[in-house]
Amino acid sequence: MEVLWAAAHEGRGALTAREVQEALADRELATTTVLTVLGRLERKQLVVRTRDGRAHHYRATASREDHVAELMNDALDGAPDRGAALARFLGSIPDEERRKLRDLLD
Amino acid sequence: MALAALGLLLLGVLLAEPVSRAFSRARWTHRDPVGALLVWQAIGLAGGLSLVGSGVVYGLSPLGDSLPTAVGTLFVEWNEGHWPDRFDAVHLIALLVALGVGGRLVWVLSTMYLRTVRARRRHRDLLDVLATPWPDSPGTRVLDHPQPVAYCLPGRSSRLVVSAGVLEALSPEEVWAVLAHEKSHLRERHDLVVLPFVAWGATAPFVRGMVCAQIAVAELIEMRADDVAACRSEPHELVGALKTVGGSAPAAALSSFTDALDARIERITAHPCPLPWYSRAAVRLGALALVAVPTLLLLV
């Protein structure tokens, strides 16, 4: 994941599995291992795969910061449908109050 | 049987509105959160049984003296291939309304549960990639963000999360207090305790009593988790953590949020003495009796 994020950051875009493997050369991973991990990340919608001729290219769906922001949003927002998903240390905020909060923040 | 139906309807309406409202204002619940949570579960279960049961009992009353015999008669006549002719429109409508309400409740509860599970899975996938394990406490992960938040992701594969902001702002003892609070949510599956009330609130948001119930239950699980955390660490550490994290939360601009926070801090510092054992026993027996009444009315 770090390799793909770094690639996006440097503007290189999508990488093939082989390029990912080379970037992780110091860990001596087998090609199948890299492919398995990439497949798993794809299923979790963290990575998208595009086909370019015979090669498969992998790219991160969002930057690390975007994902952290998504997590923080979940953690701070007490929306009822997410309300049951997490248990916050500070409890959640009732509906009408949350609207007021949004107004305050915007 | 019509009398039993009337009794059930009355009980259901009483539980859903005045009883829920009055109970959410009771103060003794702060001295026995576990007992109060049991009573809430009993109110929810008994209320649902009564409201749905009253329609079913009334609808089937022409077919027998009690619900079991009436259901038996219905199936026997159905198997013989004809519709019981003692059924008139009023009874049929009552039956359909009751089944509709019951079905809606089950539907809301299951879709809500599925949505929750899906949201949790997504959140957990992201966490596992983004958050780093915290070496000081196994099973805890650190999310690299300056805003102090601490929460847990309940479920079979649960996660405890603190942000880098929390580790920055709190002393190690205070972090332990926060973790003890969250672990109690996970261990006692507070997410499942709240779920039925969220479903009731979503099924009938126009009934004020249901909304009161939802808020009261949410407060009680926090009290329970605070009690556990105060037991496993020093109460003043928990208070310090609440003040620091609460003071920097974006919601601190809301008066209701700070009021709720102050109430929690005051409860931990003052530590109201728990109810005596006989009162606690009475509360638990009361909860049991509450469920037993509609069950008996349905069966006899």
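Tutor: Two strands pair if DSSP finds at least two bridges between them. Keep that in mind; this is a predicted model.

Student: What makes S2(A) and S3 of chain A a pair?

Tutor: Set the value against the cut-off. At least two bridges are needed. S2(A) and S3 (residues 55-60) have six bridges, in the antiparallel sense. They therefore count as paired. Within S3(A), Arg59(A) stands opposite Val48(A).

Student: Why are S1 and S2 of chain A called edge strands?

Tutor: The sheet is open, with three strands in the order S1-S3-S2. S1 (15-16) and S2 (47-52) each have a single partner strand, so one side of each lacks a neighbour in the sheet.

Student: How do you know that S4 of chain B is largely enclosed?

Tutor: A residue is buried if 20 or more other C-beta atoms lie within 10 Å of its own. In S4 (residues 159-163), five of the five residues are buried, so the rest of the structure largely encloses this strand.

Student: What makes both faces of S4(B) covered?

Tutor: In a regular strand, side chains alternate between the two faces of the sheet. Arg159(B), Val161(B) and Ser163(B) are buried on one side. Leu160(B) and Val162(B) are buried on the other.

Student: Which strand pairs with S4(B) in the parallel sense?

Tutor: S2 (residues 140-143) of chain B does, over four bridges. Val142(B) has Val162(B) as its bridge partner.

Student: What do S3(B) and S4(B) form?

Tutor: A hairpin, with five residues between the strands. Four bridges join S3 (residues 150-153) to S4(B), and the two run antiparallel. Tyr151(B) stands opposite Val161(B).

How values were computed
Residues numbered from 1 in each chain as written. Chains lettered and ligands numbered in written order. Predicted model: local features only at pLDDT ≥ 70, side-chain atom pairs only at ≥ 80, totals over all residues. Buried ≥ 20, exposed ≤ 12 C-beta atoms within 10 Å, placed from the backbone.
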